[in-house]
Amino acid sequence: MQCSVPLFDAVPLITVFVCVVLGQLLGRVRLGPIQLGGVCGALLVALLVGQTGCMVEGSLKDFAFALFIFAMGFSAGPQFVDNLNLRGLRFGVLSIIEVVFVFGIVMIAVKWLGLDSGTAGGLAAGAATESAMVGTAIEALNRLGLAPETFKALQANVVTAYTLTYVFGLITIVLFTNLLAPRLLGIDLKQDSARLAREMEDENGGEAGVPAAPDLVGRSYRVAHPGLSVAALEAALEGSVAVERVRRASASVPVAQSLALEPGDELLLVGRRDVMLEAHALVGPEVAGTGTNEIVLVERDFVMANKEAEGRTVSDLRREAPIDVRHGVFVKSVRRMGMPLPSLGKIALQRGDVVTLQGLQSDVDRAGEVLGKPVPYGNKTSLVFVGLALIVGLCIGHLSVRIGGVPMTLGSGGGALLSGLASGWLLSRRPTWGAFPPAAYELLKDLGLAVFVVCVGLSAGPQAAVLLREHGLALPVVGISVSLIPALVSLWVGHKLLRIDGPILIGAIAGQQASTPAISAVVQTADSALPVVGYTVTYALSNVLLPLMGPAVVFVAHQFSR
């Protein structure tokens, strides 16, 4: 088939990037809390451009999807593996509810509406707002041994059904998490988040409520009061200021907790600006000197890998760690799956969390060795590590077993996903084995998925109208049900049975549907990052379980149609 646009026909890759760019621009359009996002925008543009007959042949589609789903698995790997335990099971129940109800409702629709396997796969992917399922569903269709024309038609149905139901699924989950769920729980999301944050703050002071790093300073003071010791002074300043240097009669004195300070000693203190204001009354007047201009504060990221620290809060670690480990070290932030967690005293650390420490170089290095492994400097990607991981994953994906005469395999997408999970988990434990910086895997996720959906959208364009005429408004109605019913069930189970706090539960429901727009809107409505605590767990689990469910939906729907 020839494209009616000569330039697109001569250079097919231009078609791909035109659709990607226009799709990104379309995805930025916001109507209240609703925003389509670049993936759905690119797919809509590709379907329109596909009406002209423009297509992209070859293996670009498969290559882009393999890169995307590997990067997605890599980013979710540490959280997915670490939550395969009793602690993670509490939130994992919500992801299981999502998978079970999405599968069940789609199968009811298959029998009720007589949907084919392609439409079923696209319906599940769109209503659950899980774009990766489009790829795994299409791969599953490719393994059914269908005639080329039949496969092409069913692939088009996957894309069209996804596009129709994604829009309604996205609107449903955003409105549910931001408006309906708080009303059903009888809470004001902003006020309840603030109340819960106050309850979770560390009652013993420390760094729980206020990030230290933005206000970290060094100051020099002259001791004016007798009877002080280093330990007593740091305790009086709530552990938020450290004595880094003592100068007595122009000579440096080794700093130790037991060191008794004498009037006239010059101290170099490093700590939080707000607490430092109290040092004048405790120590004496501030003075110039003591090398404050020589102080260089550094900031370094560490992957939390200490098994003994897992499940402990930042405040717990500060209280329990030996003084020689925690002295002069301040926690700037904790990130989980790339999302910052609120610095609250009762949020437990998990292995794979990225903890940013700040202080003097020697202090940060000393504490970092105990906490975990340093994140390598620079933005270089270990292509050998990534390439080998992809090779292993693709090989695993093509191992097959026959069920009911039909060959069942994970496929390239499933194999790459599992390889990504394993690789992400492995590098969270052994960062020195390779490097795959967040900026690199986020690029592969965004660009890989955008190119993939554009390729399949261009192929589906000419046949999209057929599915619309056949089912009309039935698919959007089913899509709303697939999005809403699991969310309602999870809200009841999470509130009544699991006793999860309202803001965290709402974040977890956004995560069980792998909806980044929903959690972004929730955080904005709550004016708090607290819902992210629930979101990261269910997001990691659903981002694995839902794509792996894609082949099951296609296989069962295919059996029904026979």
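Tutor: Let's start with burial: a residue is buried under 20% relative accessible area, exposed over 50%, and partly exposed in between (1.4 Å probe, protein chains only). Arg366, at 27%, is therefore partly exposed. This is a predicted model, in which local features need pLDDT of at least 70 and side-chain atom pairs count only at pLDDT 80 or more, while totals for chains, interfaces and linings use all residues. Residues are numbered from 1 along each chain as its sequence is written, and side-chain values use heavy atoms, with hydrogens and water left out.

Student: How many of the residues in the protein are buried?

Tutor: Of the 562 residues, 55% are buried.

Student: And what does the secondary structure come to?

Tutor: There are 23 helices and 13 strands, taken as DSSP runs numbered from the N terminus (helices H or I, at least four residues; strands E, at least two).

Student: How should I read a nonpolar core?

Tutor: In soluble globular proteins, nonpolar side chains tend to be buried together. A core here is a set of buried Ala, Val, Leu, Ile, Met, Phe, Trp, Tyr and Cys residues joined through side-chain atoms within 4.5 Å. The largest one has 135 residues, and among those with the most contacts inside it are Ile69, Val106, Phe452 and Val454. At least three of its residues come from each of domain 1 (69–196 + 392–450 + 468–561) and domain 3 (296–374), with bounds from an automatic or database domain assignment. A second, separate core has 18 residues, including Val217, Leu237, Val241 and Leu261.

Student: Which residues is Val454 in contact with?

Tutor: Contact means heavy atoms within 4.5 Å. Setting aside neighbours within four places in sequence, Val454 is in contact with Val16, Cys19, Val20, Ala42 and Ala46. For the protein overall, take the contacts between residues at least 6 apart in sequence: 81% of them join residues at least 24 apart.

Student: Is Ser423 buried or exposed?

Tutor: Ser423 counts as buried because its relative accessibility is 6%. You will find Ser423 in helix H17 (residues 411–429). Beyond its neighbours within four places in sequence, Ser423 contacts Phe70, Phe74, Phe385 and Ala389.

Student: Where does Asn306 lie?

Tutor: Look in the loop between strand S7 (297–304) and helix H13 (314–320). Asn306 and Gly372 are 66 residues apart in sequence, yet their C-alpha atoms are 5.4 Å apart in space. Not counting residues up to four places away in sequence, Asn306 touches Arg351, Val370 and Leu371.

Student: What about salt bridges?

Tutor: Side chains of opposite charge can pair when their charged atoms come close. The cut-off puts a side-chain nitrogen of Lys or Arg within 4 Å of a carboxyl oxygen of Asp or Glu. The whole structure has 9 of them. In one, Lys332 pairs with Glu299, with the closest N and O atoms 3.1 Å apart. That pair links distant parts of the chain, as Lys332 is in strand S8 (residues 329–336) and Glu299 in strand S7, 33 residues apart. Lys332 is partly exposed at 30% relative accessible area, and Glu299 is partly exposed at 40%.

Student: Which residue forms a salt bridge with Arg366?

Tutor: Asp363, with the closest N and O atoms 3.0 Å apart. The two are 3 residues apart in helix H15 (residues 361–371), so about one helical turn separates Arg366 and Asp363. Asp363 counts as buried, at 3% relative accessibility. Elsewhere, Arg248, Glu262 and Asp265 are linked in a network of salt bridges.
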